[in-house]
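Subject: A structure for you to look at

Hi,

Here is the structure I promised to pass on. Have a look at it first, and then read my notes.

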Amino acid sequence: MKDLRSGFGEGLVDAGAQNHEVVAVVTQPDRPVGRKNIITPPPVKVVALENDIPVFQYEKIRAEGVEDLKNVGADIMITCAYGQILSKEIIDICPHGIINIHASLLPKYRGSSPIQWALINNEKITGVSVLRSGIGMDDGPVMLERKINIDKEENAITLFDKLSKLSADMVEETLYLIESGNAIFIDQDESQLSKCKMLKSEMGDLDFS
């Protein structure tokens, strides 16, 4: 097999896939941003359109996206911070399934806010896990893992930037290993499992007393 045709989820169209064709991008709908509530497209959509890559946006991908994704004809899908739960019907569309890029060292910090909770819990090390998506949240077998140190002055913005760049670098390696038949997937150790709660605005309240 040569030159995997890939469907990319949020955040990965510029992931350096020089030997692979990105055939579509799926991302969240345009949302109001800022005090003026200006309707703004996700950054991945902007990059995709600049590169003439088709873009699909769904409020509920499980209900709206199945037929579109079947018609794309991708060999594999890669997701990152997509923010919606995928159905088994979607997971089974591509011959090589769906690979998820997650910003924690799984099985630690499954869920929607692993970067923030690593900082809240004063972790010294975090990283990126590449796993095969299952029907549960971040519970599939892990293929690749890369670690980085968390600096003393780190915040969610700087750590997000570091992990984003690390994730992008791992995409090409992931596709190469799968394409060459050398990918090895290892089940997560459920005894070490931790899940992170979704962040809410009230969690940012300060008690000045």
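Below is what turned up, going from the whole chain down to a few side chains.

First, some housekeeping. This is a predicted model, where local features need pLDDT of at least 70 and side-chain atom pairs count only at pLDDT 80 or more, while totals for chains, interfaces and linings use all residues. Residues are numbered from 1 along each chain as its sequence is written, and side-chain values use heavy atoms, with hydrogens and water left out.

**The whole chain**

The protein chain has six helices and 11 strands; these are DSSP runs numbered from the N terminus, with helices being H or I of at least four residues and strands E of at least two. Its C-alpha trace spans about 60 × 45 × 30 Å along the principal axes. The radius of gyration is 17 Å, which agrees with the value near 17 Å for a compact globule of 209 residues (taken over C-alpha atoms; the rule is 2.2 Å times the number of residues to the power 0.38).

Of the 209 residues, 45% are buried. Buried means under 20% relative accessible area, exposed means over 50%, and partly exposed is in between, using a 1.4 Å probe and protein chains only. As for contacts (heavy atoms within 4.5 Å), among those between residues at least 6 apart in sequence, 61% join residues at least 24 apart.

**Salt bridges**

How many salt bridges are there? The count comes to 11, where a salt bridge is a side-chain nitrogen of Lys or Arg within 4 Å of a carboxyl oxygen of Asp or Glu.

One of them pairs Arg31 with Glu59, with the closest N and O atoms 3.1 Å apart. Arg31 sits in strand β3 and Glu59 in the loop between β5 and α2, so this pair ties together parts that are 28 residues apart in sequence. Both ends are partly exposed: Arg31 has a relative accessible area of 36%, and Glu59 has 45%.

Now find Lys70, which is partly exposed at 40%. Its side chain meets Glu67 in a salt bridge at 3.9 Å, N to O; the two are three residues apart in helix α3, or about one helical turn. Lys70 also forms a salt bridge with Glu89, at 3.5 Å. Glu89 belongs to helix α4, so this second pair ties together parts that are 19 residues apart in sequence. Glu89 is partly exposed too, at 43%. Put together, Glu67, Lys70 and Glu89 are linked in a network of salt bridges.

Cheers
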